[in-house]
Amino acid sequence: MSSSDLAVILPRVIIVSRRSLRKNKFVDFVGEYHLDLIVGYGAVPVIVPRVAGVHTLLHSFEPIHGVLLCEGEDIDPSLYEDEETNLSKEELEEIRRLHASDTAIDKEKDTIELALAKHCLERNIPYLGICRGSQVLNVACGGTLYQDIGKELSKYFPQEKKVVHMDYDNYDGHRHAVNIVEETPLHQWFEESLQDNMEIRVNSYHHQGVKRLAQRFKPMAYAPDGLVEGFYDPDAYNPEEGKFIMGLQFHPERMRKANSDEFDYPGCTAAYKEFVKAVVAYQKKLNIIKRVPTSLKLNKEMEQKRNVIVRSFSLARNLYEGGDNTRQLKESDLKPGAEFLESNIALSVQQENRLKQMGATVRNASSYMERLKMNEEREKLARAVMGKMTIEQLSDLNLFYHLMGQISSDMLEKKQLQNVSTADLP
């Protein structure tokens with residue numbers, strides 16, 4: 001089997017690069033520990049460069065079977081804080097001085113990664129967030145962050161109980177304790193290494209962290225100061241079925257013994273192993289749904305009917321792209337396409353996406369423009385109402401629609417699988 005065949009077969013994991021200054025020029029990079037583990041467990045890392053405008057081209061990276069987001073600068077506070085921070089200008093200046101390499105906001109990276117996180121949440125694509133990647137996931141779901149743990153959390157603890165979450169002088173060797181929550185994936189992965197106190201020592205490198213955890217998530221680990229060090233969505237976790245939504249604030253990939261590739265605990269690589277397992281399962285599920293039967297050879301009569309339907313769809317596309325320029329368009333021109341849609345409700349994902357692009361998924365062609373106008377009015381009304389809602393109300397609303405979307409996706413997948421199975425019958 002050639003390497004090109006493997007590239008087609010192996011699932012694709014999207015990873016966004018981080019920008020750094022080298023010899024007065026920007027370079028993009030991704031830590032090799034992440035890449036080694038992804039490749040080692042059977043997936044192909046596809047690196048999305050952090051350059052201006054890439055957020056508008058993310059569809060070009062399809063198919064996406066999984067997303068791994070890792071290190072980077074602080075997330076723009078305006079993306080998760082409605083109110084002004086309680087930190088003074090002097091404190092903010094001190095934070096920028098102490099953490100100069102991390103406090104330079106990278107809005108382009110924020111835009112790219114938040115778009116990818118929301119894409120995963122909408123389509124149930126496996127997602128693993130490490131360090132900043134866990135914070136991106138929390139923010140994408142309506143959670144908030146401490147802009148600085150030292151100024152907003154640690155100051156309430158006596159010196160002997162404060163947790164050092166980053167050590168600039170001991171990047172890889174630094175460790176601090178975390179307590180694992182029972183009956184969570186972390187508990188399962190590290191179970192043989194846990195004592196009665198449910199504690200392991202982890203490597204971390206961050207001055208920000210989860211302040212308010214989004215409602216859909218369940219904590220998996222806490223630092224002694226109460227900071228959430230790991231969380232997941234229990235309703236979207238089943239690697240064997242291609243489900244995996246998780247964030248880890250610490251770095252399991254760097255938890256290795258000094259001058260060695262041996263890990264501190266056997267469970268250190270489990271997050272990557274189970275993530276890739278979910279990615280592989282998701283790819284298989286996607287391939288089944290997208291499988292299209294071999295085209296049939298049409299006779300002359302069927303070919304004429306096909307041409308009429310194609311013309312109807314073409315007119316619908318022009319209608320969609322041309323707005324209300326419909327004076328020369330007759331309802332009878334759209335009727336064949338509408339009738340075809342009525343008799344072919346169970347469409348594949350590929351067909352559905354194509355029809356959406358043409359604006360032809362509307363079942364009643366004669367009322368297309370009226371529905372379009374009605375939808376615009378409903379959207380304006382919804383935006384006006386939601387603009388007056390609190391963060392908590394919006395989070396609740398987002399959680400409800402996420403749950404409904406997840407249920408709809410699951411049912412849609414089941415029906416599509418049933419259709420494929422029926423089509424395969426002799």
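These questions and answers concern a predicted model.

Student: Why is N124 called buried?
Tutor: N124 has a relative accessible area of 14%. Buried means under 20%, so N124 is buried.

Student: Why does M198 count as buried?
Tutor: The relative accessibility of M198 is 15%, and the cut-off for buried is under 20%, so M198 counts as buried. M198 lies in the loop between α7 (185-190) and β9 (199-202). Its phi is positive, about 55 degrees, although M198 is not a glycine.

Student: Why is F400 called partly exposed?
Tutor: F400 is at 43% relative accessibility. Buried means under 20% and exposed over 50%, with partly exposed in between, so F400 is partly exposed.

Student: What does F400 form on the surface with other residues?
Tutor: F400, Y401, L403, M404, I407 and M411 form a nonpolar patch there, with about 570 Å² of accessible area together. F400 is found in helix α13 (residues 391-424).

Student: Which residues of α2 are buried?
Tutor: In helix α2 (residues 32-40), the buried residues are H34, L35, L37 and I38.

Student: How do you know that they are on the same side of α2?
Tutor: They cover an arc of only 165 degrees around the axis, so they are on the same side of α2. The exposed residues E32 and G40 are on the face turned away from the buried side.

Conventions:
Residues are numbered from 1 along each chain as its sequence is written. This is a predicted model: local features need pLDDT of at least 70, side-chain atom pairs count only at pLDDT 80 or more; totals for chains, interfaces and linings use all residues. Side-chain values use heavy atoms; hydrogens and water are left out. Buried means under 20% relative accessible area, exposed over 50%, partly exposed in between (1.4 Å probe, protein chains only). Helices (H or I, at least four residues) and strands (E, at least two) are DSSP runs, numbered from the N terminus. The arc is that of the directions from the helix axis to the C-beta atoms. Patches are made of residues with over 30% relative accessible area and no salt bridge: like charges are joined within 9 Å, nonpolar side chains (Val, Leu, Ile, Met, Phe, Trp, Tyr) within 5 Å. Accessible areas come from the Shrake-Rupley method with a 1.4 Å probe; for residues, only the protein chains shown count as cover. A salt bridge is a side-chain nitrogen of Lys or Arg within 4 Å of a carboxyl oxygen of Asp or Glu.
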